[in-house]
Amino acid sequence: MKNVFKILGLVSVLLLTSCNSDPSLQQYFVDHQGDNDFIAVDIPSSLLDKDNIELNAEEQEALESVKKVNFLGLQLNEENKNRFEKERVAINKILNSDKYETLMKFGSNGTNAVLKYTGDDDDIDEVIVFATDQKRGLALVRVLGDNMRPEKMAKLARSVEEGKLDLEAFKKLGETIDID
């Protein structure tokens, strides 16, 4: 009987130590939604004016697969430079885990962005955009949807970058946080 308790104790200890204690992106969003330094917005896909956007069929299909967008932003100012750096490092640590696949990276003039995703190559669960700007701050966007495909989401991201996608909700959000 003593051996049974020893074995159960050993198994319990192994199970407890093997649990992943690394922070998740979802937990990061939850932890920072009530933080006054951050701007947190959940945007349902119904705010995306899908009917008045001129996109090709693949871009339109990618946009239709989006169900919800979570936005978290930290505006950079003189008082929070250390916090900005701390949060940038924390987010990078989360996104550099094996869970996230890199779809594309881009940047110039002090602005860097990375597009990552989770899920299978044929069916993405979420797309993450993480952007930092050495003058403005950081933005973390989490796009949740159904049947999202990596190649189509990458084309949709390029459409946004090229200005083909006029997302009024995001413009208003940018005005709220005073981004030029």
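Which residues in α4 do Leu 25, Tyr 28 and His 32 in α2 meet?

**View 1. The contact of α2 with α4 in the predicted model.** Leu 25, Tyr 28 and His 32 in α2 meet Arg 83, Glu 87, Ala 90, Ile 91, Ile 94 and Leu 95 in α4. Sorted by class, this contact of α2 with α4 has six nonpolar, one polar and two charged residues. The two helices pack with their axes 10 Å apart and at an angle of about 150 degrees; because angles over 145 degrees count as roughly antiparallel, α2 and α4 are roughly antiparallel to each other.

**View 2. The buried residues of helix α2.** Within α2, which spans residues 25-33, the buried residues are Leu 25, Tyr 28, Phe 29 and His 32. They lie on the same side of α2, because the arc they cover around the axis is only 100 degrees. Among the elements that cover these buried residues are β1 (38-44), β2 (66-75), α4 (81-95), β5 (124-133) and β6 (137-148). Helix α2 lies across β1, β2, β5 and β6, and runs at about 130 degrees to β6.

**View 3. The open sheet of six strands.** The strands follow the order β1-β2-β6-β5-β4-β3, and their pairing is antiparallel. At the edges stand β1 and β3 (101-108), each of which pairs on one side only, while the twist from one strand to the next averages 10 degrees.

**View 4. The pairing of β4 with β5.** Strand β4, residues 111-119, pairs with β5 in the antiparallel sense over nine bridges. Opposite Asn 112 stands Thr 132 in β5.

Note on methods: Residues are numbered from 1 along each chain as its sequence is written. This is a predicted model: local features need pLDDT of at least 70, side-chain atom pairs count only at pLDDT 80 or more; totals for chains, interfaces and linings use all residues. Side-chain values use heavy atoms; hydrogens and water are left out. Buried means under 20% relative accessible area, exposed over 50%, partly exposed in between (1.4 Å probe, protein chains only). Helices (H or I, at least four residues) and strands (E, at least two) are DSSP runs, numbered from the N terminus. The arc is that of the directions from the helix axis to the C-beta atoms. Contact means heavy atoms within 4.5 Å. Two strands pair if DSSP finds at least two bridges between them. Axes are lines fitted to C-alpha atoms, for helices over the stretch in contact, and angles run from 0 to 180 degrees between N-to-C directions. Angles under 35 degrees count as roughly parallel, over 145 as roughly antiparallel, 65 to 115 as roughly perpendicular and the rest as oblique. Ala, Val, Leu, Ile, Met, Phe, Trp, Tyr, Cys and Pro count as nonpolar, Asp, Glu, Lys and Arg as charged, and the others, Gly among them, as polar.
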